[in-house]
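This report describes selected features of a protein model, beginning with a strand and its partners and then turning to a helix and a single residue. Please consult the sequence and structure shown here.

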Amino acid sequence: MNEAGASAFGEQRLCETSRGTIAVRVTGSGPGLLQIHGVGTGQRNFDLLTPLLTPYFEVFDLDLPGYGDSSPAQHARDPGSYAADAAAVIEAIDCGPMHVHGTSMGGRIALALAAEYPSLVQRLIVSLAIARLDRAALVMRRTWITAARNGAESFMELVMLQGFSRAFWDRDDTEQVMAAFERSFQPGSLDSFGKDVKGTSQGGDLSDVLPGIKAETLLLGADEDIMNPVRPSASGVGFEQMLDMIPSAECRVLAGGHFLLYEQPALVAHEMIEYLLR
């Protein structure tokens, strides 16, 4: 790996893989942990979480193709294609098998990664993601695309209202947390956002791959997540069905909204550390 541009912290590297150049932020020491970000955000999705993990793990926060310093995405923007990118990173840094955490869109990618490349994944954490979105969630995503066409301000207002819990808006640190969320959306990410919403969220059903996941898996959800609810309507596949389909899985549901990694990073870190090191 070669050095890349500046990072919020840690060492930013360019990882040359069989699928192009992928930017990876590396920090901490210990067992390897790869983190796969949500739609539109890039590696800065983990700015508040990663510093809490680095005393225990060597953390690799990647920018998927089309984000940050990574090469443009030259493939379909679906969970399977992005899973191949993540697998190429693990192979290039020669750290497999390693722990993998994917959040939101990244959680769906992580499910595909664990199913298709079982030898590369030690333990799996899927946060704020479900196997199949219900119809209400699909309609919500259409509102995101519409808001994004009206500019970043309209988009941010809508997704923050939908993504944070009600209690979050009463906190004293609301402005600081919102600023961290806004920083995670890099220049040009709205373009990637629209393409990824269509490719990795709308209509994608990962139910068929779940029985092939051999890694021990933690499903981490939020009780006020309306974007990827742990208990969707009958048209979705949520935690209850996923626990039955994944051979070795358990779940935790924490207090908060879909942007739990921003709202409650210490709580998320505690659950991750306890699960991965037990």
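Strand E5 (residues 58-62) is mostly covered, with four of its five residues buried, that is, under 20% relative accessible area with a 1.4 Å probe and protein chains only. Helices (H or I, at least four residues) and strands (E, at least two) are DSSP runs, numbered from the N terminus. This is a predicted model, in which local features need pLDDT of at least 70 and side-chain atom pairs count only at pLDDT 80 or more, whereas totals for chains, interfaces and linings use all residues. Residues are numbered from 1 along each chain as its sequence is written, and side-chain values use heavy atoms, leaving out hydrogens and water.

Strand E3 (residues 20-28) pairs with E5 in the antiparallel sense over five bridges; pairing requires at least two DSSP bridges between two strands. Here valine 24 stands opposite leucine 62. Strand E4 (residues 32-36) pairs with E5 in the parallel sense over four bridges, and glycine 32 has glutamate 58 as its bridge partner.

## The two faces of helix H6

In helix H6 (residues 174-184), the buried residues are Thr174, Val177, Met178, Ala180, Phe181 and Ser184. They lie on the same side of H6 because they cover an arc of only 155° around the axis, taken from the directions from the helix axis to the C-beta atoms. The face turned away from this buried side carries Glu175 and Gln176, which are exposed (over 50% relative accessible area).

## Threonine 50

Threonine 50 is in helix H1 (residues 50-53) and counts as buried because its relative accessibility is 0%. Its side chain is joined to that of aspartate 61 by a polar contact of 2.8 Å.

How values were computed. Polar contact = N/O pair within 3.5 Å; in protein donor to acceptor, adjacent residues only side chain to side chain.
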